Amino acid sequence: MERKKTTGRQKIPLVRIEKDANRYSAFSKRRSGLYKKASELVRENDVDLGIFLSSPADKAYAFVHPTQNTIIDRFMNSKIDLGEQIVAKNSRNKVNQLNDRLNELDKREEVAKKRLFSLSQKNKTREKGWWESIEHLNADDVMKFQAWLDVGEIMLKDQLAEASSSSQSPSEDADI
(Lines give C-alpha, C1' and ligand atoms only; values in the text may rest on other atoms or scores of the structure.)
Protein backbone atom coordinates (compact mmCIF):
# COMPACT_ATOMS: atom_id res chain seq x y z
CA MET A 1 0.00 0.00 0.00
CA GLU A 2 1.41 3.38 -1.01
CA ARG A 3 1.25 6.29 1.41
CA LYS A 4 0.55 9.76 0.14
CA LYS A 5 3.02 12.40 1.19
CA THR A 6 1.32 15.30 2.86
CA THR A 7 2.69 18.65 3.74
CA GLY A 8 1.72 21.13 6.41
CA ARG A 9 -0.24 20.51 9.53
CA GLN A 10 -2.34 17.44 9.95
CA LYS A 11 -5.58 17.20 11.87
CA ILE A 12 -5.03 15.09 14.94
CA PRO A 13 -8.07 13.52 16.60
CA LEU A 14 -8.73 14.88 20.08
CA VAL A 15 -8.51 12.02 22.56
CA ARG A 16 -7.53 11.92 26.20
CA ILE A 17 -3.77 11.66 26.75
CA GLU A 18 -3.29 8.72 29.09
CA LYS A 19 0.23 9.31 30.45
CA ASP A 20 0.25 11.97 33.18
CA ALA A 21 3.61 13.46 32.19
CA ASN A 22 2.55 13.76 28.55
CA ARG A 23 -0.80 15.25 29.55
CA TYR A 24 0.87 17.89 31.81
CA SER A 25 3.33 18.77 29.05
CA ALA A 26 0.60 19.06 26.42
CA PHE A 27 -1.51 21.19 28.77
CA SER A 28 1.39 23.56 29.39
CA LYS A 29 2.12 23.95 25.67
CA ARG A 30 -1.54 24.40 24.76
CA ARG A 31 -2.03 26.91 27.60
CA SER A 32 0.91 28.97 26.32
CA GLY A 33 -0.52 28.89 22.81
CA LEU A 34 -3.95 29.85 24.06
CA TYR A 35 -2.50 32.81 26.01
CA LYS A 36 -0.62 33.96 22.93
CA LYS A 37 -3.77 33.79 20.80
CA ALA A 38 -5.76 35.58 23.51
CA SER A 39 -3.13 38.30 23.66
CA GLU A 40 -3.32 38.74 19.89
CA LEU A 41 -7.11 38.89 20.05
CA VAL A 42 -6.96 41.60 22.74
CA ARG A 43 -4.41 43.59 20.81
CA GLU A 44 -5.89 43.37 17.33
CA ASN A 45 -9.55 43.78 18.29
CA ASP A 46 -9.30 45.94 21.43
CA VAL A 47 -11.50 43.58 23.44
CA ASP A 48 -11.80 42.60 27.07
CA LEU A 49 -11.12 38.92 27.57
CA GLY A 50 -11.08 36.38 30.37
CA ILE A 51 -9.92 32.77 30.29
CA PHE A 52 -9.95 30.58 33.39
CA LEU A 53 -8.35 27.14 33.35
CA SER A 54 -7.77 24.31 35.78
CA SER A 55 -4.75 22.08 35.01
CA PRO A 56 -4.65 18.29 35.25
CA ALA A 57 -2.81 18.83 38.56
CA ASP A 58 -5.72 21.01 39.80
CA LYS A 59 -3.80 24.28 39.59
CA ALA A 60 -5.79 27.34 38.56
CA TYR A 61 -4.65 29.54 35.67
CA ALA A 62 -6.20 32.70 34.30
CA PHE A 63 -5.70 35.13 31.47
CA VAL A 64 -7.71 38.30 31.93
CA HIS A 65 -7.56 41.58 30.18
CA PRO A 66 -7.66 44.23 31.48
CA THR A 67 -8.70 43.10 35.01
CA GLN A 68 -10.84 40.38 36.55
CA ASN A 69 -13.35 42.93 37.84
CA THR A 70 -13.72 44.50 34.41
CA ILE A 71 -14.35 41.11 32.81
CA ILE A 72 -16.86 40.06 35.45
CA ASP A 73 -18.66 43.42 35.32
CA ARG A 74 -18.73 43.30 31.53
CA PHE A 75 -20.17 39.79 31.68
CA MET A 76 -22.76 40.67 34.31
CA ASN A 77 -23.80 44.01 32.83
CA SER A 78 -22.59 46.23 30.04
CA LYS A 79 -22.07 49.34 32.21
CA ILE A 80 -18.52 50.07 33.34
CA ASP A 81 -17.58 53.21 35.28
CA LEU A 82 -14.96 55.70 34.10
CA GLY A 83 -12.30 54.50 36.56
CA GLU A 84 -12.53 50.96 35.27
CA GLN A 85 -12.34 52.23 31.68
CA ILE A 86 -9.11 54.10 32.49
CA VAL A 87 -7.64 51.01 34.15
CA ALA A 88 -8.72 48.93 31.16
CA LYS A 89 -7.12 51.34 28.69
CA ASN A 90 -3.91 51.45 30.72
CA SER A 91 -3.78 47.67 30.91
CA ARG A 92 -4.46 47.38 27.19
CA ASN A 93 -1.52 49.69 26.44
CA LYS A 94 0.74 47.61 28.68
CA VAL A 95 -0.36 44.40 26.95
CA ASN A 96 0.32 46.00 23.56
CA GLN A 97 3.84 47.02 24.65
CA LEU A 98 4.58 43.56 26.03
CA ASN A 99 3.16 41.94 22.91
CA ASP A 100 5.40 44.13 20.72
CA ARG A 101 8.41 43.07 22.79
CA LEU A 102 7.40 39.40 22.54
CA ASN A 103 7.05 39.66 18.77
CA GLU A 104 10.45 41.34 18.51
CA LEU A 105 12.04 38.60 20.60
CA ASP A 106 10.32 35.93 18.50
CA LYS A 107 11.76 37.51 15.34
CA ARG A 108 15.23 37.67 16.89
CA GLU A 109 14.97 34.03 17.93
CA GLU A 110 13.98 33.04 14.39
CA VAL A 111 16.91 34.98 12.90
CA ALA A 112 19.29 33.40 15.43
CA LYS A 113 17.99 29.92 14.60
CA LYS A 114 18.44 30.51 10.87
CA ARG A 115 21.96 31.82 11.41
CA LEU A 116 22.87 28.88 13.63
CA PHE A 117 21.52 26.47 11.02
CA SER A 118 23.47 28.26 8.27
CA LEU A 119 26.69 28.15 10.29
CA SER A 120 26.11 24.50 11.06
CA GLN A 121 25.65 23.72 7.36
CA LYS A 122 28.79 25.69 6.44
CA ASN A 123 30.75 23.85 9.11
CA LYS A 124 29.62 20.49 7.73
CA THR A 125 30.61 21.31 4.16
CA ARG A 126 33.96 23.04 4.70
CA GLU A 127 37.24 21.19 4.39
CA LYS A 128 39.01 20.36 7.59
CA GLY A 129 42.57 21.53 8.00
CA TRP A 130 45.29 19.05 8.96
CA TRP A 131 45.36 20.50 12.48
CA GLU A 132 41.68 19.60 12.97
CA SER A 133 42.00 16.01 11.78
CA ILE A 134 45.37 15.06 13.29
CA GLU A 135 43.76 12.60 15.70
CA HIS A 136 42.66 10.51 12.70
CA LEU A 137 46.22 9.89 11.47
CA ASN A 138 47.60 6.35 11.47
CA ALA A 139 51.11 5.46 12.69
CA ASP A 140 52.72 5.93 9.25
CA ASP A 141 51.10 9.36 8.85
CA VAL A 142 52.29 10.36 12.32
CA MET A 143 55.86 9.37 11.43
CA LYS A 144 55.70 11.43 8.20
CA PHE A 145 54.27 14.38 10.10
CA GLN A 146 57.03 14.11 12.73
CA ALA A 147 59.69 14.03 9.98
CA TRP A 148 58.12 17.09 8.36
CA LEU A 149 58.23 18.92 11.69
CA ASP A 150 61.87 17.89 12.24
CA VAL A 151 62.90 19.18 8.80
CA GLY A 152 61.05 22.40 9.47
CA GLU A 153 62.83 22.79 12.80
CA ILE A 154 66.27 22.25 11.22
CA MET A 155 65.49 24.76 8.45
CA LEU A 156 64.36 27.34 11.01
CA LYS A 157 67.52 26.84 13.11
CA ASP A 158 69.71 27.25 9.99
CA GLN A 159 67.88 30.44 8.99
CA LEU A 160 68.10 31.79 12.54
CA ALA A 161 71.85 31.08 12.72
CA GLU A 162 72.35 32.69 9.30
CA ALA A 163 70.32 35.76 10.31
CA SER A 164 72.16 36.20 13.61
CA SER A 165 75.62 35.81 12.02
CA SER A 166 74.82 38.32 9.27
CA SER A 167 73.63 40.88 11.82
CA GLN A 168 76.88 40.62 13.85
CA SER A 169 79.37 41.04 10.99
CA PRO A 170 79.59 44.40 9.25
CA SER A 171 78.41 44.53 5.69
CA GLU A 172 80.92 44.81 2.86
CA ASP A 173 79.56 48.22 1.85
CA ALA A 174 80.10 49.75 5.29
CA ASP A 175 82.85 52.41 5.55
CA ILE A 176 85.45 51.57 8.17
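The model is predicted, so local features need pLDDT of at least 70 and side-chain atom pairs count only at pLDDT 80 or more, while totals for chains, interfaces and linings use all residues. Residues are numbered from 1 along each chain as its sequence is written, and side-chain values use heavy atoms, with hydrogens and water left out.

**Pockets**

A pocket is an open set of points on a 1 Å grid over the protein atoms alone, where a 1.4 Å probe fits, with protein on both sides within 12 Å along at least five of seven lines; lining residues have an atom within 4 Å of a point. Volume is the space filled by probe spheres set on the points, which are joined across faces, edges and corners.

| Pocket | Volume |
|---|---|
| Largest pocket | about 360 Å³ |
| Second largest pocket | about 210 Å³ |

The lining of the largest pocket includes Ile 12, Pro 13, Leu 14, Arg 23, Phe 27, Arg 30 and Pro 56.

Among the residues that line the second largest pocket are Tyr 35, Lys 36, Phe 63, Lys 94 and Leu 102. Helix 1 (20-45) and helix 3 (82-125) are the elements that each give two or more residues to this lining, and helix 3 supplies the largest share, six residues. Helices (H or I, at least four residues) and strands (E, at least two) are DSSP runs, numbered from the N terminus. By class, the second largest pocket is lined by five nonpolar, three polar and two charged residues.

**Aromatic rings**

There are three aromatic pairs in the structure; rings of Phe, Tyr and Trp (its six-membered ring) pair if their centres lie within 6.5 Å, and planes under 30 degrees apart count as stacked, over 60 as edge-to-face and the rest as tilted. One of them joins Phe 27 and Tyr 61 in a tilted arrangement, 5.8 Å centre to centre with 50° between the planes. Phe 27 belongs to helix 1 and Tyr 61 to strand 2 (residues 60-65), so this pair links parts of the chain 34 residues apart. Tyr 61 has 24% relative accessibility and counts as partly exposed, where buried means under 20% relative accessible area, exposed over 50% and partly exposed in between (1.4 Å probe, protein chains only).

Tyr 35 and Phe 63 form a tilted pair as well, with ring centres 5.6 Å apart and planes at 35°. Tyr 35 lies in helix 1 and Phe 63 in strand 2, so the pair ties together parts 28 residues apart in sequence. Both Tyr 35 and Phe 63 are buried.

Arg 31 lies over the face of Tyr 61, 4.0 Å from the ring centre; a charge sits over a ring if NZ of Lys or CZ of Arg is within 6 Å of the ring centre and within 35 degrees of the ring normal.

Key:
Ala, Val, Leu, Ile, Met, Phe, Trp, Tyr, Cys and Pro count as nonpolar, Asp, Glu, Lys and Arg as charged, and the others, Gly among them, as polar.
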